[in-house]
Every structure is written in C-alpha cells, then in structure tokens.
Amino acid sequence: MNKPIRRVGVLGAGVMGSGIAAHLANAGVQVVLLDMVPPDLSEGEKGDRAARNRFSAGGLEKALKAKPAAFFHKSNAALVEVGNFDDDLGKLSTCDLVIEAVAERLDIKRSLFEKVEAVIRPGTIVASNTSGLRIRDMLAGRGEAFRKHFLVMHFFNPVRYMKLLELVAGEDTDPAVFERVRCFGEDRLGKGIVVGKDTPNFIGNRIGIHAMLATIHQMLADHLSPEDVDAITGVAMAHPKSASFRTADIVGLDTFIHVADNCYNALSDDEEREVFQVPSFIRTMAERKLLGDKTKAGFYRKPQGGDPDTFDPYTLDYRPKGGNPEILKTAKAIAKISDPKERVRKLVADQGPVGQFAWKVLSRGLAYAARRVGEISDSVVAIDQAMKWGYNWELGPFEVWDALGFVETAKRMIAEGIKLPESIARMVEQGAPGFYREEGAVYDLKTGDYQKRPADPRYTTFEVLRRGQAPVLKNDGAEAWDLGDGVLGLTFKTKANSIDPDVIAMLPQAVEKAEQEYESLVIYNQGEFFCVGANLFLVVMAANNKDWESIRAMVKGYQDATQRLKYATVPVVAAPYNMTLGGGLELCFACSAVQAAAETYAGLVEVGVGLIPGGAGTLNMLWRALENIPEGTTINTYDVVTNVFKNIALAKVATSAVEAKHFGYFRRSDGVSFDRARQLYEAKQLALGLARSGYNPPIPRAYKLPGESGIATLSMMVDTLVAGGYASEHDALIARKLAVVLCGGAGGASREVTEEEILELEREAFVSLCGEPKSIERMMYMLQNNKPLRN
C-alpha cells in the first residue's frame, strides 16, 4: 500500500510519546499529541483549555528543551497540536495512524483502545509503543477491524537518534497494513525496521537486558568493579563507550528494572530466567532514588565541585572512581584497535582477567541469542540489526560469533558445557564456516542452509558501487573511483577525514577528471566524521618557524580548490554527516548541492583555534546569504553581514542538517537523508538529477558591503562583549579581523567587492593570526587534546 501517512495521533506525552511526536514532525508529519487531563485541577481550571492540556503541552515543551535535541529545529514543533483525552479524542478521526505511548499497564491500554476504537475512521491504523506487553492481551474486547489494523511500533529512546524500530504483527494484523507501516517507518522516518514476534520485550530488549544482567551477575561472581566491567564491555567488546553501567545510568535504573522484571515475570519457561532477576544492590539504589542521569546519581555520579565517584555494589555506598589498573590498561589497549572484528578477537584471546571475563559473558550471550532464533525472530540478521540499531553495538551477536571463528567458538562452548540449539550443531556438522558469507548469503537456522538476503539498491556502500580494480585517481590523502552511471566518487583517506595538502591537491584533479569523463562528482567520506577541518600540524610548524609564505600558499591552495569545485562545469554534490566542521563545511559551501545526513553537526569553528576560516568560508557563507535577494531589491547588507559574523565569531554549530539550513550553512533545497545508510545512493541520485536537468555552473558575483562603518559597528559590539567579560582580548582581535573581511575592507561600501578581493582579505587575516602567540597556543592545545582552548 503506497497510501501516504500524513497525520498521526500520539497518545501519551511522556518521554517516549513526546519524542515520537517530535520525530514525526521532523519528517514533516502533522501530529495530534494527547494526554490525560491533570487530575488535580481546581474548579476554575476545569474550564481552562490550557490547564486541561497541561500534560500534553508540558510534554511538548520538554521535547523542545530536550538535550540532545528531539527536534531537528524548534520550528518543527509547529506541526504538533496538543490536546487531551477527554476533549480531543475525536481529532483522531482525522488521523491515518494512531500511536499509543501511555503507561505500561494493561488496564490503562485496554481502556484507551476501547475509546480510540469508538472515534477513529475506517482504515485508521493503531499501533502500540509497548516495550513488551502481548498484543493478544492488549486487544481483548476489540473488534475485527481494529485487530486487523493493529500492530506494535516499538521505538527506542531517544527516538530521533536511535535507528531501531521493532514492528510486531498480531495474529489478525492485515499484511498490507503491516507493509504500509513498514514503508512509513523506513522511508519517511529513516528507521531500521526489525520484524519481531509477539514475545516479551521483543528482540532488542530481550537480548540486551539479558546481556547486561548476565554481565552484572558475572561481575559479582568474579568480584570485579563497575569500572572494570565497563572497560571490558565497552569499546573493547565492540559495544558503545557507555558499556554496561553507564548505559544503565543513561536509560535510568527504574526503566532498566521495569524491563528486567517484565522479562522475569513473563518468561517462566526461559532456561535463563534467573539471569533477569535484578541484583539486590540495584534495587537498593532504586529505593534510594539513585536512578542514573535523571537523578544525577546512579552507578556513577559527579558531585558538584567534587571528583567523580562510583556506587560500590559490595559496600552499597559511593567511593572514589577507580578500578583494577591492569584490567583498565589491557582493555584500553584493545579498545584502540580500529577493526571491531579484530578487537573482539583480541579481547577473547587475552589470557588474563580481561579475556576470561569477556569470554564468560560473550559465550553466554551468543548461546542465548542462538537459542532465541525461532522464538523472538526467525532471522539472525534481525537479531544482529536490533542490537546494532537499538543498543549501538558495532557487531551483532552472530557477527561477533563469526569474528571469533564460528566452528572453533562453537566447539569451545560445547566443550565447556554451554547449551547450544540443535541448529548450531547441524551447522558444525555441515562444515558451515559461519553465519554470513561474503557474497551476501546468510545461514538460516530454521531451514539449515544459506539464504540470499533481499537487496535494496538504496542501501549501498562506496565499496559496492565503485567500479574497477583500482581508483581513477589516488594520492596518500584521497581517492576517486568510478561509481557507475557517469558519477565519479571522491573519498578522503586522512585521519578523521581532515583536510591536508594531499586532499587539497586531489580536489581540482577530481573536478578535471569529472569534467572530462563523467557527468557529476560526489564527495562521500567514510569513518566516524565527514571532515573535522584542516590538519593544523603543518600550520603550527610553519607558524613556529615564522614561515608566513608557506601558510599563505596553503591557504590560497585550499581557496583555489574550493573555488574550482564551485565553478566546475559538472555538478558536485557533498554528502556530509556527523562532524562537518571548519574546512569540511567550507568544502560543502563550494559544492553545487548537498545531500546531508540528518545527523550532521556543521559549523565554522576556526575561532576556537585562534583563526578565521581560510578556505573561502567567509566568502561563500556570505555570498550564500546574499544569493537569493531578487534583483532591484534594496537591502541593508550590514544585517546579513552581522548574522554571518555572529555564526563564525561564536563558532555556532548546527545540531542537525535541518538546523544547518536555518543557519544558512546548507541551502533550503539541499537534500536530507534520514537514514545514513541511504545517503550515498541519495547523493548519487541528486548528482545525476542535476547533471541531467541542464546544469550550468554559477556566475561570479560582487556585492556592496558595509565597509568602514560596518567594521566600526561590529568592533563596538565586540568591545561590549570584552567589557562585560564575555570575550577575551584575543577573541576580540580575531573578531575584528573577521569583521574586516566580511565588510569587504574599509572601502567595501564604495563599490561592489569581488570574490577575489574577499579571498585576499581572508588570506591576510588568516596569516596574520598565525603570528599571534595565543593563536599558536590554541592550535597546539587542539593538536594535543583534540578540543579547543578558550583564552
């Protein structure tokens, strides 16, 4: 069914309900957010709509203030209409989909569904965000049409950032309804869909809570500390940095206990049921309201003005943060291995307490996951994806098993008496090398053979798309590959995809190759960050040697490279994601268009290292702000310059691709990929669309700028900040030089200022700041600590 879902009702404005509403609004969906009428209203308030909507309005307000942000931009909240169950339930008749996110109590959900059934129109889909209640129990008393249009949509918190969306059909769910919701979740919301079965806590929480509690029980058995365990079960185990106990603090111990208790109570036939028994020391913490981040104290806390400390599970009190030095040292060394598969191999191979503990918890978790196939899901892929998308594991349990060596790992578990299902024994007997094959086939534990995974061309990688055995162009910093269909793909190879001389040299070469032999160019990087900016090492060396001409040449080289991109005769599309800072954003400014991942954090942050942008960033950000002013319109360019000045001087970083559009970093017409896994495909389609719809490069422009009066006014603004203690003298020096550039120099108001003039002003300001001792100090601090120094 391709019928769009345009309007959604969300029932419950708590953390999950408001988060779901916010992300629906991020996707441009209209939302009706309802909650109960506060029970303690005064007689005067009972007729007051604002008072009656206090819970839903409060949920929306919390979503607007949430950190990390729930909305891509606060203006998206305009799509959310608030109301209450008593007065506004009838508004659900205008909705295509209703998502329930009220308290996890069966009686409350049943009562609400009875009321919903009475007001929705035929064909409306109803979904529950329950984390583990059974569908058949929730639907008691509901009619046939309601049951056919009902399913579970289990989002993970925080909704905007967690990719996993578990979908579970009931016995009567119409397959067409299920498919419509699947497409909506995947295509519109950018979620990774995992299909589970109607079992307690579905897939992610069943495996995840088991893993966490098995780890905690093993810690107590081995008398290790939370710090020891987190060092082993974090990055070293291909899990997130938050590992076990820090993750529990983030989730909240009350939520953790609730999910664990739900498993324990519901899983009477689970052979590992006792694992879900919450240790007494955690219940003690909950009784003391030590619930984690929400109460500013959990397994870890940082007292105001004090040093971090840890809740000791043995003494039931806080102590200074510590841990076994040898365990911490070994785990830290393993965590530095970049390849997660090699990392877990090294971890388990360790002969000391680190490897021993890791094997105990991993082998138990792998065996448990294998025994759940057929119960919670028929697919090992679904279980792996649930753990990667819902718990941020780098590898799912079956991928870990393959990384450790399937056969030898299975034989070791059998030798140690760990119970494995017959399907695993069959795999060993067949000589199956692992669950996954390089050509894309996956072992099906139910059928006992390999099955080819269905392919969706939108989910592709640079390695899959690239043609030929070697890159078209290559140097130590970047490579350009033929991506097929007339698209040349450029990708960086530097640390954190930083800009260095090799990258700068490759940019014009790639443009020239694309102009001669291709229809378009896509800049697509891999790794954690799109581009963290320039590699400062060479700048610092030259500054220490007072080699100003080398610095000037470096700056001009990157300016020339970005301008070459901007005026290429074929369209150039950048695909930024995550950190896109400094020179990385300047690169995007120079491109014909951007296909940004929704989670792109972009900004010109050079002031943090004592500099201003030096890759045509001042020029292209200002020109972009001025580009859509109709001819003949008289404007005060000072207002535009001031806004650009503030964004650069304050190192303002957008917290989403949508916010980056509002800041003027990306164009309103630029694309946004809700799912990073589809970004390369979408960037390629954007590049081809531009190429095949009559693309022509832009025409160089010139503008009258504020000139001397603008410089003076901006300088006065800076002086006020210094006088108020909000900026240092060095900050002021940087800002004044930036003002000169953006105002077109002292004569900027007397004539139209050309691009080359702005570039020259930018170069000279950059070079002069490199000679400032405090700028050098800031650059050195950044190189040594990977964070800016403010002075």
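Predicted model: local features only at pLDDT ≥ 70, side-chain atom pairs only at ≥ 80, totals over all residues.
Residues are numbered from 1 along each chain as its sequence is written, and side-chain values use heavy atoms, with hydrogens and water left out.

I begin with the rings. The structure holds 18 aromatic pairs; rings of Phe, Tyr and Trp (its six-membered ring) pair if their centres lie within 6.5 Å, and planes under 30 degrees apart count as stacked, over 60 as edge-to-face and the rest as tilted. One of these pairs is Phe156 with Tyr391, which is edge-to-face, at 6.3 Å centre to centre and 65 degrees between the planes. The two residues are 235 apart in the chain: Phe156 belongs to the loop between strand E6 (150-155) and strand E7 (164-169), and Tyr391 to helix H17 (residues 380-391). Helices (H or I, at least four residues) and strands (E, at least two) are DSSP runs, numbered from the N terminus. Phe156 is buried at 7% relative accessibility, and Tyr391 is buried at 14%; buried means under 20% relative accessible area, exposed over 50%, and partly exposed in between (1.4 Å probe, protein chains only).

Phe462 and Tyr524 are stacked, because their planes are at 5 degrees, with the centres 6.1 Å apart. This pair also links distant parts of the chain, 62 residues apart. Phe462 is buried at 1%, as is Tyr524 at 7%. Elsewhere, ring pairs join Phe398, Trp401, Phe406 and Phe435 into a cluster.

Next, charges over rings, which require NZ of Lys or CZ of Arg within 6 Å of the ring centre and within 35 degrees of the ring normal. Arg273 lies over the face of Tyr264, 4.0 Å from the ring centre, and Arg412 sits over the ring of Trp359, 3.8 Å from its centre.

Turning to the cores, a nonpolar core is a set of buried Ala, Val, Leu, Ile, Met, Phe, Trp, Tyr and Cys residues joined through side-chain atoms within 4.5 Å. The largest has 92 residues, of which Leu490, Ile523, Tyr665 and Phe666 touch the most other members. A second, separate core of 88 residues includes Ala297, Val373, Ile376 and Leu404.

Finally, helix H8 (residues 175-188). Its buried residues include Val177, Phe178, Val181 and Phe184. Just after H8, Gly190 takes a positive phi of about 75 degrees.
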